[in-house]
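Subject: Structure handover

Hello,

The structure we spoke about is below. My notes follow it.

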Amino acid sequence: MSTPDSLPPMEWSVSASPHIKDRENTPRIMWSVVAALAPAGMWGLYVFGVQALYVILLCVISAAATEAIIQRLRGRPVTLCDGSAVVTGLLLAYCLPSASPVIQNGQVVGLTWLKWQVPVVGAVVAIGIAKQCFGGLGHNIWNPALVGRAFVQLAYPSCVSLSQWPWPAGRVDAVTKATALAKGAPAAFSLQDLFIGNVPGCIGEISALFLLIGAAYLIARKYVNWRLPLGYLLALALFATLFAWAPRHPIAPWVNDFAASFVQFRGGELPLGGFASDWLRFVGMQIFAGGVILGAFFMATDMVTSPLTSRGQFIYGVGCGALTALIRFFSSYPEGVCYAILLMNTIRPYVDRWTRQRVIGQTR
Amino acid sequence: MRSFKGGVHPDDRKQRTAGLALVEAPLPARVILLMSQHIGAPARPVVAQGERVLTGQLIGEPQGYISAPVHSSVTGVVAAVETWTSPVSGTRVPAVIIERDASVRERWAEGTDLPQPDDALAPEQIRDLIQAAGVVGMGGATFPTHVKLAPPADQPIDTVILNGAECEPYLTCDHRLMLERSADILQGLRFLLRALNCERALIGIESNKPDAFEAMSRAVGPDRRIRVERLPAKYPQGGEHQLIKTLTGREVPWRGGLPMAVGVVVQNVATAFAAYEAVALRRPLIRRALTVTGEGVERPGNYLVRIGAPIAELLASAGLRPDAKKLICGGPLMGIAQRSADIPVTKGTGGLLALTEDFSAEFGPCIRCGRCVNACPYGLTPAEISRAVERVNLDAASDWNIQECKECGCCAYVCPAKRPIVHQVKFGKAQEKSAGAKA
Amino acid sequence: MGLIPSALLIMGVMGILFGIGLAIASRYFHIESDSRVEQLIACLPGANCGACGHAGCEGYAQAVAAGSAAPDLCIPGGPKAALGLGRIMGIEVDVNKQPVRAVVHCQGGTGRCGQRFAYHGLADCRAANLVQGGPKRCEYGCLGLGTCAAACPFDAIVMGADLIPVIDWDKCTACGACVRACPRALIDLLPANVSHLLACSSQDKASVVRESCSVGCIACWICIKNAPEGAIVKKGNLAQLTYPQGCDYSRAAEKCPMHCFVKVEAAGIALMHSPQALSQ
């Protein structure tokens with residue numbers, strides 16, 4: 001055997017263990033979310049056209065620019081490549097309308113481009129205030145996209161909470177309609193239309209089908225824990241059912257239909273079949289109309305602002321679902337996803353605390 | 001078989017050496033015998049410079065009960081009694097350096113190397129022989145074995161678990177030992193059983209080593225006390241807590257509880273082999289099985305090497321490649337990265353890895369993905385511990401049970417932000433210790 | 001009733017009710033507190049540096065009020081704080097103690113003392129020190145990751161270009177936060193009137209020092225021969241300055257073959273005679 005001197009002197013790399021690591025990394029996760037969001041975005045572009053592209057681009061570019069500028073100002077490395085700002089920009093765009101209706105004498109006479117301030121201010125607030133002010137990626141308390149969305153909701157109510165929304169089929173003819181959740185909206189939307197996305201609404205929210213395709217990918221890659229959306233949808237169905245016949249102000253006719261059918265069912269006047277199908281339609285409307293699918297699979301599951309354990313994720317999902325139902329039925333606002341998730345974001349640390357894992361060998 | 005919760009499945013990379021038989025490495029020209037190759041008080045050198053020593057001769061005397069003696073692993077002359085870099089701490093510790101006398105045939109010290117018939121030794125005699133031979137836990141923890149063989153009277157041992165999991169990637173020396181020395185390991189296990197007055201033993205072997213399972217099952221023969229069990233291949237299956245949980249369903253109590261508390265003693269197969277050599281052959285622990293491997297060596301292999309052999313020699317003969325970036329004593333998940341190859345083999349060195357890929361990159365902020373929480377085999381929340389240490393918030397870190405972490409590295413392995421969570425845990429524990437010392 | 005009168009009425013009634021509530025609460029839930037604590041806190045600088053050995057300024061004030069701590073322990077506050085505390089407590093305070101300042105006993109920055117391995121891990125000296133005894137060639141030398149600078153509550157420490165901390169003596173209050181932060185105990189508090197310090201802490205043998213650092217003490221003891229009797233003593237393999245009254249170390253500093261002595265300017269930055277450190 002040779003002597004130690006035969007070994008060339010080298011400067012070894014030294015670190016604490018472990019010395020091998022999984023290939024998974026943060027950018028890969030973020031860009032996978034972007035990829036998973038793509039189908040729904042494509043559908044949005046297909047049905048809403050170039051106006052939707054304008055909103056998406058404005059959101060993504062302003063989000064990325066805000067991130068870069070603030071990181072430069074803070075003297076931190078610019079981490080646009082990790083994709084997290086792009087995800088925020090996309091999510092924000094997905095919950096904005098594609099265009100604004102032009103209204104004359106109470107009549108919609110056309111569609112115009114969304115005010116550029118809406119996506120830009122939304123993205124700046126999302127990245128600048130909700131994310132970077134708290135320390136950047138991983139340190140934010142609330143989902144940045146939802147904070148941005150909530151902000152523009154207050155700042156530009158006439159551009160964001162429309163009473164009349166662009167109608168996919170009529171993108172040329174400037175036809176608009178109230179969304180399915182709106183109070184007093186016509187019960188004109190079939191579940192199939194809602195599932196596929198043939199309804200008026202926000203750019204990325206309308207198509208449950210395409211959102212679910214992306215979500216299935218994220219669940220398969222284990223970037224999304226299926227327990228959270230499951231808890232969300234179960235709780236929403238349960239609480240919406242409970243709230244449906246509580247004393248309330250006038251809401252969408254299909255809710256009233258269901259409540260009426262329930263009352264009749266209790267009175268024994270209807271066969272079970274009629275009630276069950278009414279209930280299914282009611283729950284289907286609750287789940288597929290509005291932002292529930294986007295919220296449950298993409299917003300609430302945001303890693304930074306959701307709990308760490310599976311148990312916590314389920315409980316958190318249940319909380320989101322219950323709050324969504326509560327806001328939908330007992331507030332003046334027809335949609336509750338955004339605020340429900342923001343509220344649950346706020347108590348996320350407590351959920352983590354309550355749902356701690358049991359340490360092996362833990363006694364007590 | 002129901003396994004423990006958590007764990008990871010890294011590519012095991014054992015193919016390169018799993019088929020290579022154990023080779024007796026050439027005797028080194030010089031050995032460096034560290035006085036602390038075990039957990040506990042370091043041994044005290046009892047030889048002086050210039051003294052002639054025989055193989056197996058006592059050169060370091062244990063200091064206290066939780067300590068172990070050190071024996072010369074060659075026949076030669078004491079060249080120096082000084083200090084040498086320890087592969088465990090990276091700092092200099094007392095050491096005895098012995099030049100081998102190549103002109104004489106190896107001679108064993110008096111009273112050693114005397115093969116004994118397996119007569120009815122009393123438990124205390126077995127314990128004393130193992131203690132005198134300097135046997136320590138050879139899976140890497142290096143806890144003196146005789147201490148584990150003397151449980152307190154109120155904690156009777158009903159099960160001895162022999163750890164043949166070898167869950168660390170790359171390493172195959174235990175695998176080879178089980179294939180080639182199965183009878184000896186079994187003999188060693190029977191000594192351990194007798195020393196503990198215990199009537200049940202379980203041998204846990206990961207399912208990726210079916211040949212070792214076969215060999216050990218054959219070696220057990222009609223002995224009804226001993227059962228060989230196939231374990232799911234998952235890191236850290238060979239961790240004491242995980243092994244006990246998988247094989248017996250019992251959980252070692254937290255906050256410093258020992259396996260004894262649940263009636264179990266866990267020993268590595270290499271320790272059982274050392275016990276066999278100590279009791280049946282009266283040979284002190286002067287050699288061990290070791291895998292030299294990694295993409296950074298041309299000729300990987302499994303060796304029986306003398307304790308104290310210079311690692312640089314082993315690397316040179318294995319053909320160290322110039323693109324090797326990292327040198328590790330032990331496995332890739334819990335092993336210790338070395339700053340220099342100028343270190344000796346110790347009783348706890350089961351592997352010598354030269355890696356060409358360096359994973360220690362820049363790390364980013366925690367995105368709370370929860371992968372570490374799912375991977376942690378101890379039920380901890382590494383993300384919160386890591387964040388707490390980052391803000392040097394020791395109270396938060398201990399609230400998230402930082403002290404329960406055994407630093408297995410599953411969390412840091414899966415972390416997509418590449419956070420050095422194990423380093424943070426080590427740092428947090430050290431800070432807590434120094435804060436405790438001040439208070 | 002009009003809107004404004006009714007609003008005024010409601011607010012007024014609420015104000016009266018809350019006022020009564022607070023009055024009752026302050027009467028019945030009153031907690032006796034030592035009024036001197038507030039006065040004591042007012043005399044302290046409020047940096048919560050911990051130099052006094054108590055948990056922040058309030059903790060120290062409570063300890064002083066309780067009589068369990070002397071009034072002259074606040075180092076940043078200096079004589080002014082000590083006199084103030086002494087006056088409140090009615091204790092005589094000696095304010096003529098020699099002021100002290102933090103100094104760094106190492107000048108083996110990059111270029112003088114290299115790395116022995118490529119360290120990857122936490123950017124904290126205390127954490128780096130846990131990995132294979134630290135990446136610095138010298139096992140006693142400054143690790144250069146700036147834990148002392150981060151620990152300084154007065155922003156008195158900046159890391160020089162050679163990654164050795166430079167202490168701004170105008171800002172340093174000798175609170176000792178850096179002394180406690182350094183894992184290698186390289187920072188020490190010296191009286192402000194000393195002329196030199198020995199900027200090395202290595203206990204290594206000369207051969208080891210020469211291999212690792214160009215400005216390390218090699219225990220040649222030339223300095224001892226060039227200094228008054230007892231002004232420099234051997235502490236293992238390192239010279240130690242004892243600073244007897246009025247001692248001059250310039251000759252010893254001049255003769256030191258390794259340039260381990262650093263002249264300390266009366267005020268301003270503790271000058272390391274490294275051009276890099278100066279340029280910082």
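Which strand of chain C does strand E1 of chain A join, and how many bridges are there? Three bridges join E1 (residues 13-15) of chain A to strand E2 (residues 118-120) of chain C, and the two run parallel. Strands pair here if DSSP finds at least two bridges between them. Strands (E, at least two residues) and helices (H or I, at least four) are DSSP runs, numbered from the N terminus. Ser15(A) has His120(C) as its bridge partner in E2(C).

This is a predicted model: local features need pLDDT of at least 70, side-chain atom pairs count only at pLDDT 80 or more, and totals for chains, interfaces and linings use all residues. Residues are numbered from 1 along each chain as its sequence is written, while chains are lettered from A and ligands numbered from 1 in the order in which they are written.

In chain B, four strands form an open sheet in the order E11-E10-E9-E12, with parallel pairing. E11 and E12 (264-268) are the edge strands, each pairing on one side only. From one strand to the next, the twist averages 25°. Helix H8 (residues 269-280) of chain B packs on this sheet, touching E9 and E12, and its direction makes about 85° with that of E12(B). Axes are lines fitted to C-alpha atoms, for helices over the stretch in contact, and angles run from 0 to 180 degrees between N-to-C directions.

Within the sheet, E10(B) (residues 201-206) is mostly covered, with six of its six residues buried. Buried means 20 or more other C-beta atoms within 10 Å of the residue's own, with C-beta atoms placed from the backbone. Ala201(B), Ile203(B) and Ile205(B) lie on one side of E10(B), and Leu202(B), Gly204(B) and Glu206(B) on the other. Five bridges join E10(B) to E9(B) (residues 159-164), where Leu162(B) stands opposite Ile203(B). Six bridges join E10(B) to E11(B) (residues 226-231); Leu202(B) stands opposite Arg227(B) there, and Gly204(B) has Glu229(B) as its bridge partner.

Lastly, Pro62(B) is in the loop between strands E5 (58-61) and E6 (70-71) of chain B. Pro62(B) counts as buried because 23 other C-beta atoms lie within 10 Å. Leaving aside neighbours within four places in sequence, Pro62(B) is in contact with Ala43(B), Ser67(B), Ala68(B) and Pro69(B).

Regards

Methods. Buried ≥ 20, exposed ≤ 12 C-beta atoms within 10 Å, placed from the backbone. Contact = placed C-beta atoms within 7 Å.
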